[in-house]
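Biologist: Hello! I would like a close look at one part of this protein, followed by its wider setting. Could you walk me through it in plain terms?

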Amino acid sequence: MTTFRRTVLEWWPPSVRRATPWTPQCSPEPAISNSPREAAMAFPHLQQPSFLLASLKADSTNKPFAQRCQDLVKVIEDFPAKELHAIFPWLVESIFGSLDGVLIGWNLRCLQGRVSPVEYSIAMEFLDPGGPMMKLVYKLQAEDYKFDFPVSYLPGPVKASIQERVLPDSPLYHNKVQFPHTGGLGLNLALNPFEYYLFFFALSLITQKPLPGALHIRTSDCAYFMLVDRYLSWFLPTEGSVLPPLSSSPGVPSPSPAPRTPAMPFASYGLHHTSLLKRHISHQTSVNADPASHEIWRSETLLQVFVEMWLHHYSLEMYQKMQSPHAKLEVLHYRLSVSSALRSPAQPSLQALHAYQESFTPTEEHVLVVRLLLKRLHAFSHSLKAEQLSPSAHSHAASPLEEFKRAAVPRFVQQKLYLFLQHCFGHWPLDASFRAVLEMWLSYLQPWRYAPEKQAQSSDCQARCVSERWAPFVQENLLMYTKLFVGFLSRALRTDLVSPKNALMVFRVAKVFAQPNLAEMIQKGEQLFLEPELVIPHRQHRVFTAPMFTGSFLSSWPPAITDTSFKVKSHVYGLEGQDCKYTPMFGPEVRTLLSEAQLAQLTLALGTAQDENGKKQLPDCIVGEDGLILTPLGRYQIINGLRRFDIEYQGDRELQPIRSYEIAGLVRLLFRLSSAINCRFAGQMAALCSRADFLGSLCRYHLTEPGLGDRHLLSPVQWGHTASRAPGPRLSLRFLGSYRTLLSLLLAFFVASLFCIGPLPCTLLLVLGYLLYAMAMTLLTERAKLHQL
């Protein structure tokens, strides 16, 4: 305690330390009390809420990180909840950063063990689910403290809904909205310590922008990613039950948060049911009741916070689409009652929502964390034993943890994940970074990969086959397979599939959907949805309403639905609305994307088909007023490298850019020389080329651009410009500036020297040989023209 007394005195202001100096126990002065609570009673003038907070703030700027964490551990252990209540909001913000992104806190998203091993290990130990920070949370939780959280920092759809005085469908916000006092600023949520901590932890993934030097950091190596993994493993265990809080005494469960009365009436989505948790406890007569029944609220809160903060981001159109008819009717009744009570015209139901336009684009790091959540959630949800999966297990004797495992995916994740994936599919750039979204989607589609009973021998054919056990999951997530697959196809047709990374994404999707028995399950689900409703009498007069996917687990379960077709229809109508137009994945509309006509065109494009002139065909295009216009098929051919235009220089050959195989200075010198000759003897060259004898043919072969009429004209506009240009006879010496020509001449002189032929005779022989070659080419050219005539 001597060390602690000295530490406590170090936290006090200098004036207090001077007035109350520390002395040993043998001193005649009154000794410092043996506990922080007694010390506070001995100094009543120090019982101010800001005293401990001010001391910790001063230490945060003066002490190193390791020492600060050690001091915080001592404070959490020794100080009562009354003093810790004042420092908790500041401590949470100093760790995870401010909600506006100005303060970065401990920068957990860039903290790596291989770069900063000491700081990494200290931070992970302090924030571990069984560490000091969570112990502080439970210590404050036992005293039922509440902390205000601004509504303005919630995700866009949630913020717009609460500001419109319509509670979102998640019970995470029920009985928590606090209206400001007179002169107050904005709305707040009254959260318990566990909720307050998780809100900051989850939102730091979005509000905290990565530093410029963090572009090459692997997300899976960072402290934040590892903490998410630890929290999910702790609160969503695949074996056993959720561990009780460390602050709880043996046999005494930590109290779950009590319901609170809202400060003002709200409209709400969905129906409110009695608590399943309370109903379960009332039936428990044994003293050794399942401890999970007392602590399951922590697992539920963790999952709801992660889903709300990470997946509740999408456009206004999707926000309005997800509202069920029941919710819209309830909002209308609420507004009519408010307007009649206040005797004022009712405000438009979506006036505030129309002002909301959240331009949210998730980062790759965000998507990777969501994928980790889905993988852990699949392992948690499908860790039920065989006897727990039987229909008889859905009785009141089932533990809350077992029922929570059944409810986790359909009631918490499915709807918001579907909207989140649609948002990513529609707004993500058309580049290789989409791989993160793709793998997140494929991870959700394959729960059998993460189930604890996954077969070890994956090389066996039977092991690779998707078991019939997963047919209900496929059917109840039909849109995740079918509509998102069609959305991926539309993206793939607009990407450059020549790129290996883009082609790999197509291969990954094809490999997943080609798993044996999966296509049959999807097709069976579509048949159940398209099954006529009137063929079975007991299905008439049923109303498909949006299921309470994000409803509280603590709410009672609806009656078990044994009608598989009704389950599939409820899933589709719940996500897409009553007036949805479903396009079957195995229907004719989707099959027209691999139709015979387009398949023939694609096969023709893939081959080396040639046109009448023996040259490769151009991309598919039509002739417009301004030239050739590419068709969608032509754009597809160019993007994927199937066809291309033969691009070549169409201007004056003498003025084309200097090539890499030419000597720049020599080319310019030869251009001046040839220009001077052409200017000086233009009349004589024109007269020679106009002659009809052999000399005229020889001059035309050398003094005009050969093959000018054979140029590829790629548009009618260029044809007009080329036709109007009529260059006269001229001499071109540019070929002498090529490295190839000069090397050939040097090689000829070297070979001639081996036969004792001097430079001058060698030059005469080269000129004579070229004249013979030119005469032969002239005769062949003239004969070809006569043959064409």
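How many residues does helix α29 (residues 664-680) have, and what distance does it reach from its first C-alpha to its last?

Modeller: Happy to. This is a predicted model, in which local features need pLDDT of at least 70 and side-chain atom pairs count only at pLDDT 80 or more, while totals for chains, interfaces and linings use all residues. Residues are numbered from 1 along each chain as its sequence is written, and side-chain values use heavy atoms, with hydrogens and water left out.

Now to your helix. Helix α29 has 17 residues and reaches 25 Å from its first C-alpha to its last, close to the 24 Å expected at 1.5 Å a residue. That expected span is 1.5 Å times one less than the number of residues. The helix label comes from DSSP runs numbered from the N terminus (helices are H or I, at least four residues; strands are E, at least two).

The buried residues of α29 are V667, L670, S674 and N678. Looking down the axis of α29, these buried residues fall within an arc of 70 degrees, so they line one face of the helix. The arc is that of the directions from the helix axis to the C-beta atoms. Here buried means under 20% relative accessible area, exposed means over 50%, and partly exposed is in between (1.4 Å probe, protein chains only). Turned away from the buried side of α29 is a face that carries the exposed residues L669, R672, C679 and R680. The cover over the buried residues of α29 includes α30 (682-689).

R734 pairs with E662, and their closest N and O atoms are 2.9 Å apart. R734 lies in the loop between α32 (716-724) and α33 (739-754), and E662 in the loop between α28 (632-639) and α29, so the pair ties together parts that are 72 residues apart in sequence. Both R734 and E662 are buried.

A second pair to show on your screen is R508 with E439, whose side chains meet in a salt bridge at 3.0 Å, N to O. R508 belongs to helix α23 (residues 500-513) and E439 to helix α19 (residues 435-445), so this pair ties together parts that are 69 residues apart in sequence. R508 is buried, with a relative accessible area of 16%, and E439 is buried at 10%. A further salt bridge joins the side chains of D144 and K146 (3.7 Å, N to O); K146 is partly exposed, at 25% relative accessible area. A search of the whole structure finds 15 salt bridges.

D144 has another feature: a positive phi of about 60 degrees, although D144 is not a glycine. D144 sits in the loop between α8 (132-141) and β1. N517, likewise not a glycine, has a positive phi near 80 degrees, and its place is the loop between α23 and α24 (518-530). As background, most residues other than glycine have a negative phi.

On the surface, F694, L768, L772, M775 and L779 form a nonpolar patch with about 470 Å² of accessible area together. Such patches are made of residues with over 30% relative accessible area and no salt bridge; nonpolar side chains (Val, Leu, Ile, Met, Phe, Trp, Tyr) are joined within 5 Å, and like charges within 9 Å. Helix α34 (residues 759-788) gives the largest share of the patch, 4 residues. L768 is in α34 and counts as partly exposed, at 48% relative accessibility.

Stepping back, the protein chain has 34 helices and 7 strands. Of its 789 residues, 42% are buried. Its accessible surface comes to about 42500 Å², with 61% belonging to carbon and sulfur atoms. These areas come from the Shrake-Rupley method with a 1.4 Å probe, and for residues only the protein chains shown count as cover. Among contacts (heavy atoms within 4.5 Å) between residues at least 6 apart in sequence, 77% join residues at least 24 apart. For an example of distance along the chain and in space, A66 in helix α5 (residues 65-78) is 56 residues from I122 in sequence, and their C-alpha atoms are 7.0 Å apart.

How values were computed:
Salt bridge = Lys/Arg side-chain N within 4 Å of Asp/Glu carboxyl O.
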